[in-house]
Amino acid sequence: MVVILLTVGLTRLIAVEIPLESLTPARIGYVDLQKVFDTYPEKSFAEGDLLREIEKRKRELGTRQNLIATIRQQISTDQTVLTQAQSGDSVQVPANNVPDLRPPPPPPPPAPAASTTTVKTSTTVAVEPYPMEDPLAGLPGHDSGTLPEHAQGSTQLPGMKDNGGKGILKTLAASSTPAPLSPDAISALQKRIDANKKLLERQIVDFKNFRGNAVADMKVLQTQKTYDVMSKIYAVLQTLARDEGVTLVMDKAYVLYGEDTVDLSDKLIQRLQQENQ
């Protein structure tokens, strides 16, 4: 029997008697946890999932990098042509290689269901569609074979806009012959450069944010996958330790000395392989 004195506070002592014959001797075991982890098939599956997610992020980053490079090249080419055009030189307008990143327009609302309710006749005069045929055709002195300028499909109808000059630039880019640019074409090219510069700034910011989020996500996923694998290993190890009568299991890396320790590494690997079959 052993007597242990416990100090309570500063002056009071308490004696506790512990019978030694009632203590159960502990049996210590250890495992080479790194070896077990490396040979566990679930680790390979987890690594495969992680690598697939990493490759997915890499492809997306590559796509974003290519877009940024395309915008930069477009700005540089357009700026060179604009400088030459402003000097009065004949130039070849380059095609716009920057994709349109605007979201598609929302679908039109569904047509209202037909109603049998009687509707009062409106007195509002219906607006006639814009004439696509010459209303003067057939009159003396008028060429019936040619439409007036405002009615020809290649010319904008009254009240329509050129959408920032994109139509002008597209037409000029389709021509293979260099020519001096009109003030409207020069203005449209400048607007395209300015718009692409703003787009470039947004894409660079989005790229940096995506890259930072991707790195953070991969770290979280790696931790989660490692935890899942280790949880399965610990569950099998607990059962093995009980079957072997081991009351304490340590990692081999932290065992400095032990005369009666039990190495459970190979048995644990064998059981993990059986569990995975």
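Trainee: How many aromatic pairs does the count come to?
Mentor: Keep in mind that this is a predicted model. Rings of Phe, Tyr and Trp pair if their centres lie within 6.5 Å. By this rule, the number of aromatic pairs in the model is zero.

Trainee: Which helix gives the most to the lining of the largest pocket?
Mentor: The largest pocket holds about 570 Å³ of space, and 20 residues line it, with Asn96, Lys166, Arg192, Ala195 and Asn196 lying nearest its centre. By class, the lining has nine nonpolar, four polar and seven charged residues. Two helices, α3 (166-174) and α4 (183-243), each supply at least two residues of this lining. The most, seven residues, comes from α4.

Trainee: And from which helix comes the largest share of the lining of the second largest pocket?
Mentor: The second largest pocket has a volume of about 160 Å³, and its lining residues include Phe37, Lys43, Glu47, Gln222 and Val229. Sorted by class, this lining has five nonpolar, two polar and three charged residues. At least two of the lining residues come from α2 (41-86), and at least two from α4. The largest share is five residues, and the helix that supplies them is α2.

Trainee: How far apart are the end C-alpha atoms of α4, and why does that agree with its number of residues?
Mentor: The expected span of a helix is 1.5 Å times one less than its number of residues. Because α4 has 61 residues, it should span 90 Å, and this agrees with the distance between its end C-alpha atoms, which is 90 Å.

Trainee: What does α2 reach from its first C-alpha to its last?
Mentor: At 1.5 Å a residue, the 46 residues of α2 are expected to span 68 Å. Just after this helix, glycine 88 takes a positive phi of about 90°, and α4 is likewise followed by a glycine with positive phi, glycine 245, near 70°. As for the reach of α2, the value is close to the expected one, at 68 Å.

Trainee: Then how does lysine 252 count, by its relative accessibility?
Mentor: Lysine 252 lies in the loop between β4 (248-251) and β5 (262-263). Its C-alpha is 9.0 Å from that of glutamine 34, while the two residues are 218 apart in sequence. The class between buried, under 20%, and exposed, over 50%, is the one that matters here. Because its relative accessibility is 41%, lysine 252 counts as partly exposed.

Trainee: What pattern does the chain follow along the sequence?
Mentor: The chain has five helices and five strands. Read along the sequence, their order is β-β-β-α-α-α-α-β-β-α.

Definitions and conventions:
Residues numbered from 1 in each chain as written. Predicted model: local features only at pLDDT ≥ 70, side-chain atom pairs only at ≥ 80, totals over all residues. Heavy atoms only, no water. Phe/Tyr/Trp six-rings, centres within 6.5 Å; stacked < 30°, edge-to-face > 60°. 1 Å grid on protein atoms, 1.4 Å probe; cavity = no way out; pocket = protein on both sides within 12 Å on 5 of 7 lines; lining within 4 Å. Points joined across faces, edges and corners; volume = space filled by probe spheres on them. Helix = DSSP H or I, 4+ residues; strand = E, 2+ residues; numbered from the N terminus. Nonpolar A, V, L, I, M, F, W, Y, C, P; charged D, E, K, R; others polar. Buried < 20%, exposed > 50% of the residue type's maximum accessible area, 1.4 Å probe, protein only.
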